[in-house]
Amino acid sequence: MTAKTPEPTSWGELRASHADREAVVERLGEAAAEGRIDLAELDERLEQALTAKTFADLAPLTADLPRAVSVTDPGEPLVLKGGFHGASRTGRWEVPAHITAHGGMGGVRLDFTRTECRLPEVEVEVHGEMAGVTVVIPEEWAADTAGIATGLGALRDRTTPERHPDTPLIRLSGSVGMAGVIVRHPNTRERRLLKRERSK
């Protein structure tokens with residue numbers, strides 16, 4: 001019987017790719033050009049970046065640096081209303097800088113796991129109302145739920161605080177309503193589907 005490879009328990013344990021290392025190297029070069037780090041520190045960080053094996057190895061190298069400024073089209077604001085039958089955004093879709101989701105009677109589901117978003121932050125205004133709102137984000141993204149007001153329903157934030165460099169922060173605001181708001185990473189079944197799709 002073939003032994004199963006255990007799944008990583010956290011984002012930090014995931015293996016870094018060549019592209020991940022190159023992104024950090026590029027940011028370090030920019031920081032040196034901006035005068036944020038000196039050449040000796042640049043050499044030291046570059047060596048660590050080039051030999052990094054996991055995201056946990058890479059993250060500290062740029063943690064004290066501001067994100068590189070880039071001009072990105074924020075897109076048209078998206079408004080989703082659950083109504084009686086529900087509403088969702090899943091699969092591959094263009095992520096704007098601002099999204100409003102009203103749970104209504106049918107609920108709303110926002111799934112970011114197949115999107116390619118280059119925005120540094122995405123503002124998601126949620127109103128749980130009668131059926132609630134569910135937000136699913138990739139494991140390397142992070143969410144800030146401090147702006148959500150409590151109510152009859154519950155706020156369930158099941159995300160981890162770790163965040164991969166140059167990935168969006170999902171900043172949530174609004175209210176939980178009667179049904180509540182759920183923010184989470186993909187569950188086991190969803191992770192299997194994603195892995196299967198990416199291996200094709």
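Modeller: One term before we start: buried means under 20% relative accessible area, exposed means over 50%, and partly exposed is in between (1.4 Å probe, protein chains only). Also, this is a predicted model, where local features need pLDDT of at least 70, side-chain atom pairs count only at pLDDT 80 or more, and totals for chains, interfaces and linings use all residues. Residues are numbered from 1 along each chain as its sequence is written, and side-chain values use heavy atoms, with hydrogens and water left out.

Colleague: Okay, is Arg-45 buried or exposed?
Modeller: Arg-45 is buried, because its relative accessible area is 9%.

Colleague: What does Glu-41 form with Arg-45?
Modeller: A salt bridge, with the closest N and O atoms 2.6 Å apart. The term means a side-chain nitrogen of Lys or Arg within 4 Å of a carboxyl oxygen of Asp or Glu. Glu-41 is partly exposed, at 29% relative accessibility.

Colleague: Which residue does Arg-109 form a salt bridge with?
Modeller: Glu-190, with 3.0 Å between the closest N and O atoms. Arg-109 is in strand S4 (residues 108-111) and Glu-190 is in helix H4 (residues 188-198), so the pair ties together parts 81 residues apart in sequence. Arg-109 is partly exposed at 26% relative accessibility, whereas Glu-190 is buried at 9%.

Colleague: Switching to the sheet: in what order do the five strands come?
Modeller: The order is S2-S4-S6-S10-S8, in an open sheet with parallel pairing. Strand S2 (87-89) and strand S8 (155-157) are the edge strands, each pairing on one side only. Two strands count as paired if DSSP finds at least two bridges between them.

Colleague: How many bridges join S6 to S10?
Modeller: Four bridges join strand S6 (residues 133-136) to strand S10 (residues 181-184), and the two run parallel. Val-136, for instance, has Arg-184 as its bridge partner in S10.

Colleague: On to helices. At what angle do H1 and H3 pack?
Modeller: Helix H1 (residues 18-33) and H3 pack at about 10°, with their axes 10 Å apart. The axes are lines fitted to C-alpha atoms, for helices over the stretch in contact, and angles run from 0 to 180 degrees between N-to-C directions. So H1 is roughly parallel to H3; angles under 35 degrees count as roughly parallel, over 145 as roughly antiparallel, 65 to 115 as roughly perpendicular and the rest as oblique.

Colleague: Which residues make the contact?
Modeller: Asp-20, Arg-21, Val-24, Arg-27 and Leu-28 of H1, and Phe-55, Leu-58, Leu-61 and Thr-62 of H3. Contact here means heavy atoms within 4.5 Å.

Colleague: Now the loops. Where is His-164?
Modeller: His-164 is in the loop between S8 and strand S9 (169-175). It is buried, with a relative accessible area of 10%. His-164 and Trp-141 are 23 residues apart in sequence and 6.4 Å apart in space, C-alpha to C-alpha.

Colleague: What about phi for Asp-166?
Modeller: Phi of Asp-166 is near 65°, a positive value in a residue other than glycine. Asp-166 lies in the loop between S8 and S9, and is partly exposed with a relative accessible area of 46%. Glu-129, not a glycine either, has a positive phi of about 50°. Glu-129 lies in the loop between strand S5 (121-127) and S6.
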